[in-house]
Amino acid sequence: MSKGLGTTVGRSSRRRILRLAGGGITMAALGAGLTGCEDELATGGEGSTPPPRSASPEDGKAPADGKAPEPLWTKSTSAQTYGDNDELVAVDGVVIASGDPLAAFDGATGEERWSLPDGAVPGAPLLLGDGTLYLESGKYDGSVAGYVPGSGKEAWRSRLGKEYRQPRPVAVDAEQVYVIAEILEADGSSHTNVIAALNSGTGKVAWKEQRDLGTQQNGIHAAVQGRYLVYTDFKNNLTVRDTATGKQVWTHKTTKTSYGPFAIHQDLVIVPQGQQLQAFALSDGSEKWTVRTEEFTSFREPTLLEDVLYIADSARTLWAVEPGTGKKIWQSTALKDASAQVPRQFVKVGGTLYGATDLDKQGGIHAFDAKTGGLRWTFNDKSGDYHSWLVATDGKRVYALHGKKLHALPA
């Protein structure tokens, strides 16, 4: 499966509204703008605390169950993130968080390896493909750029055309970078947008297709699987296009909760839709399986790791599911038992599953037994920062970003 799964484009979302609320904006002031966010708010618990932290483990080993580790190192960063999963990446010995300047830190020591002023739009996705980091230009000059992750050196640059405003990468595969851009009118306004493919070798436009009137260029999550480009948007569309031509293969209207990250497994796209988790065939959109959670409960974002789909619901149940069939492997109520917050992003190292939560209270980075879903420990820096936690791994360490603080934890 290609890189760039679950990519988000756009600076405004319900999640960001909730995060701002955590930073001091009252719910009353937000008013009707929070309609439909019940599942987001049902994930925290008052009056509980994460398990206690221990001293640093010996020889960089992970701690015993119930004892969260001390960081191997902690650095202040220029990170400006909005809580989307692709704003923190670990690759080629460095860890990078979206921000301005864009900075890469040595994964082992935390020392800054390179810094790139105006390298990327803060909060923009960091897309990895074929050894290149693709970015929306922070210079707002209508270009898309590719960099060598280990050194920060520019390796590729492309422009869609002067008649389009600020192309935003949404997905990448071995041959193409897929972007969405506003179509400019004569007066400088824009009412429509285009989706296009740029050749990742030459930078030339491979194809471009105007999207339907009323669609938005913001709020896109996208992924590529073989000949299919798959994306969701704020207009509750699940759309599949042919990567060779850009022609639409099929599109479905989905429910209000399905415009976030999704998962792709072989010939299936797996999408959470409120109480249901559904799998559709990439070839024709036919429904292949459906899993349902409890009434008045909503599924959160899924993550596919080593052929297992991990997902939590708003009732604080953690699920492991066979992605090809929807068959439940296990369910865990450890989060509910600990009054801990629900994770929305996962990485896995060995037998441990790490989950990053959204709002901070009773959250942070949870470590679970990947075979049972048992909660081993929770790391929280106790800063009270209202930003979501983000997690990434290089297989040796787990990197946790919280606001502008980047922590390296033993895996």
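Which residues does leucine 135 touch, not counting residues up to four places away in sequence? Leucine 135 touches Leu102, Gly119, Ala120, Pro125, Leu126, Val144, Ala145, Tyr147 and Pro169, contact meaning heavy atoms within 4.5 Å. The model is predicted, with local features needing pLDDT of at least 70, side-chain atom pairs counting only at pLDDT 80 or more, and totals for chains, interfaces and linings using all residues. Residues are numbered from 1 along each chain as its sequence is written, and side-chain values use heavy atoms, without hydrogens and water.

Leu135 is also among the members of the largest nonpolar core that touch the most other members, together with Ile96, Leu102, Trp114, Leu126 and Leu133. This core has 15 residues; a nonpolar core is a set of buried Ala, Val, Leu, Ile, Met, Phe, Trp, Tyr and Cys residues joined through side-chain atoms within 4.5 Å. Buried means under 20% relative accessible area, exposed over 50%, and partly exposed in between (1.4 Å probe, protein chains only). Among the elements giving two or more residues to the core are strands E3 (94-97), E4 (102-106) and E7 (132-136). Strands (E, at least two residues) are DSSP runs numbered from the N terminus.

Aspartate 130, in the loop between strand E6 (127-129) and E7, has a positive phi of about 55° although it is not a glycine. This aspartate 130 is exposed, at a relative accessible area of 66%. Most residues other than glycine have a negative phi, and most peptide bonds are trans.

Note on methods
Helix = DSSP H or I, 4+ residues; strand = E, 2+ residues; numbered from the N terminus.
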